[in-house]
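Have the viewer open as you read.

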Amino acid sequence: MTLTSSTPRAGAPRETTSVAASLAPRRRRTLPFSGWHLLLAPLALLFALPLVWLLLSSVMSNAEINRFPPALWPSGIDLGGYKYVLGNAMFPRWFLNSLIVSAVAVTSNLLFGALGGYAFARMRFGGSRALLVLMLATMAIPFQLTMIPTFLMMKRLGLIDTLGALIVPSLVTPFAVFLLRQFFLSLPRELEEAAWLDGCSRLRVLFTIVLPLSRPALSTVAVLTFLTTWNDLTWPLIALNHDTQYTLQLGLTTFQGQHHTRWSAVMAGNVITVLPVLLAFLGAQKSFIRSLTSTGLKG
Amino acid sequence: MPQLPAPFTVAEPPGGRRGKDPDQRGATEAAADAADTMARRDAGRRALRAGRRRESVTAWAFISPAVLIILGLSVLPVIWSLLLSFQANDLVTPSRWVGLDNYRALEADPHFGQAVRNTLLYTVLYVPLSLVGGLVLALALNRRIRLVGLYRTLIFVPFVVSATAQGVLFSFILDPEFGAANSLLSRLGLSTQGFLTDPGQALLVLVGITLWSGTGFCVVVYLAALQDVPQSLIEAARLDGAGRRHLLRHVTLPTLAPISVFLVLWQTIQSLQVFDLVYVTTKGGPLGSTTVIVYFIWEQAFKSFTAGYGAAAAYVLAVALCLVGVVMRVVRGRAERREGARAEQPGTPSGAAPRTEGAAR
């Protein structure tokens with residue numbers, strides 16, 4: 001764009017230059033396609049390629065996949081891998097376990113995050129400032145520092161090797177509380193004050209007035225909580241022993257270890273593991289990216 | 001009846017004052033009125049205090065679940081971890097106090113030394129590459145052309161794929177015998193590679209996999225920051241005869257400095273804590289070439305059942321992370337101050353902005 005603006009500059013009076021400069025981008029845009037496509041299209045394909053390959057290999061037959069050198073394109077769609085994975089009693093179970101843990105984590109993060117965030121945003125109580133700072137500071141604590149004692153705590157509670165051990169630590173995160181607090185602060189107070197004067201309780205004000213206005217922040221919390229819980233491997237690996245309790249991530253890596261010759265089945269399992277997150281991301285792409293860029297940065 | 005100075009009446013109960021009210025007329029009227037308002041204000045204040053107390057009870061009811069869970073599962077374990085790091089603990093029997101032995105053993109442990117070296121190498125490779133790659137891609141994607149939304153999505157999508165799924169997928173693609181990568185190499189007439197099974201390559205391959213999934217994050221962050229570069233600034237600089245290269249160097253890049261510092265911090269923290277991908281692909285091998293610090297901690301605590309030793313290693317990592325945070329905070333503060341000073345300087349493009357608009361018309 002700047003190339004065109006600098007050409008008529010030589011010797012020309014200043015005003016002509018600026019007119020040319022302001023027109024240049026418009027003139028440029030009418031071209032059939034930008035040269036940038038030549039750079040961006042191959043790069044984007046390069047990023048997409050591993051995932052395309054994941055999908056392709058999940059529908060290859062086992063014979064095709066184990067040939068040497070292996071085929072790069074399936075000759076037809078073979079659902080043997082999916083049948084094997086879904087017939088394997090554990091995979092549907094793992095999917096269900098992951099779903100339960102993620103659903104509970106999302107719901108409770110929304111509930112406790114909203115309650116806590118609202119109290120910090122709108123109510124006055126002794127020590128609220130210090131408490132908020134303390135909660136924020138815990139965000140900086142690396143998980144590795146807390147995982148051994150958390151394991152010992154869960155063991156004392158008798159939760160090790162149950163889904164409870166996964167659910168309790170993910171019930172509410174400081175991120176959810178803080179993000180919702182920030183959002184509530186940005187809402188106008190007047191609506192809530194009118195409701196208090198009418199005798200509404202704080203709880204009712206929160207649920208009937210504030211939360212319906214907070215959709216964007218709530219969806220951000222929901223999507224990010226789902227992503228982190230669904231994708232987690234470290235904590236399930238530590239807290240679970242028996243394969244009936246496994247989550248999908250833990251199950252997938254064990255399954256790969258046991259069936260490394262049935263690559264099409266492993267890849268079918270991998271597709272099943274990735275798909276929910278991919279769908280959630282594509283469905284909520286805008287709020288997802290907004291949350292990464294606006295909240296993640298300023299924290 | 002002597003007139004009471006208004007402040008004294010405040011102490012009187014509102015009920016008593018109101019009883020005397022009808023007798024007080026004429027000269028005392030003004031003072032009585034004043035006293036009455038004070039009394040009313042007093043009652044209001046008391047009601048307010050009661051309201052506050054009620055509010056504070058409600059507030060605690062609202063925050064207690066979050067506070068109990070968050071502090072109970074962070075502050076408590078941090079202290080517990082510190083105590084553990086001075087003990088010998090096998091996760092089952094009661095622990096034994098050993099003082100600084102765990103830390104001394106860490107210092108002498110060649111495996112820990114190797115884990116630290118591996119983690120540092122991984123970080124030193126991954127952080128700059130992901131930042132530079134992210135910046136270049138963001139600059140290329142920051143234009144209004146057709147399909148650009150699709151390009152952005154495709155580049156970002158690997159970021160939401162779990163490390164487990166990435167690991168499983170790439171162990172397949174990079175499988176020395178059955179993998180597509182070697183198949184492609186042999187078809188192109190190139191020699192096949194060991195990838196994750198080669199001690200000389202494994203860590204580099206892990207960096208490559210993380211670049212595939214993690215660069216998209218930098219792209220998204222840089223793209224958002226590029227939206228904040230004021231358009232007027234760019235146009236003004238262009239009018240002053242700045243070419244594309246000048247524009248990038250003197251206008252765009254300085255504006256991105258604070259966000260770059262943030263990204264360095266973020267990516268460094270992420271890569272010092274890498275674990276899932278290593279566990280799924282190499283389990284620290286071959287020959288310990290991909291044993292990173294967190295893998296070492298996990299192995300010590302949950303495989304060898306030397307939890308005290310693992311806790312000590314975790315503390316070393318936490319202190320390192322803390323140092324990174326402090327250094328970055330200082331650097332970021334400095335970058336922001338410089339940025340602020342630059343924007344305030346007279347004669348910089350922001351001052352020239354109005355002229356642009358005038359000239360364009």
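The points below go from the ground rules to the chain, then the interface, then a single residue.

1. Ground rules. This is a predicted model, so to speak of local features a pLDDT of at least 70 is needed, side-chain atom pairs count only at pLDDT 80 or more, and totals for chains, interfaces and linings use all residues. Residues are numbered from 1 along each chain as its sequence is written, chains are lettered from A and ligands numbered from 1 in the order in which they are written, and side-chain values use heavy atoms, with hydrogens and water left out.

2. Chain B overall. You'll find 16 helices and 2 strands here; these are DSSP runs, H or I of at least four residues for helices and E of at least two for strands, numbered from the N terminus. Of the 361 residues in chain B, 48% are buried (under 20% relative accessible area with a 1.4 Å probe, protein chains only).

3. In the model, residues 247-269 of chain B are 100% helix, with end C-alpha atoms 32 Å apart. Residues 312-331 of chain B are also 100% helix, and there the ends are 29 Å apart.

4. The interface. How many residues of chain B are in contact with chain A? It's 97, against 100 residues of chain A, where contact means heavy atoms within 4.5 Å. The two chains bury about 8,700 Å² between them, 75% of it on carbon and sulfur atoms; that is accessible area (1.4 Å probe) lost on being put together, summed over both. In chain B, Phe62(B), Val160(B) and Phe172(B) lose the most area to chain A, together 9% of what that side buries.

5. One salt bridge. The rule finds 1 across the interface of chain B and chain A, taking a side-chain nitrogen of Lys or Arg within 4 Å of a carboxyl oxygen of Asp or Glu. Glu55(B) and Arg202(A) are the partners, at 2.0 Å from N to O. Helix α3 (residues 29-72) of chain B gives the most to the side touching chain A, with 15 residues.

6. A loop residue. Look at Gln201(B), in the loop between α9 (180-187) and α10 (202-227) of chain B. Is Gln201(B) buried or exposed? Buried, because its relative accessible area is 18%. Leaving aside neighbours within four places in sequence, Gln201(B) is in contact with Gln193(B), Gly194(B) and Phe195(B). Its side chain reaches the backbone nitrogen of Phe195(B) at 2.8 Å.

Terms used. Buried < 20%, exposed > 50% of the residue type's maximum accessible area, 1.4 Å probe, protein only. Polar contact = N/O pair within 3.5 Å; in protein donor to acceptor, adjacent residues only side chain to side chain.
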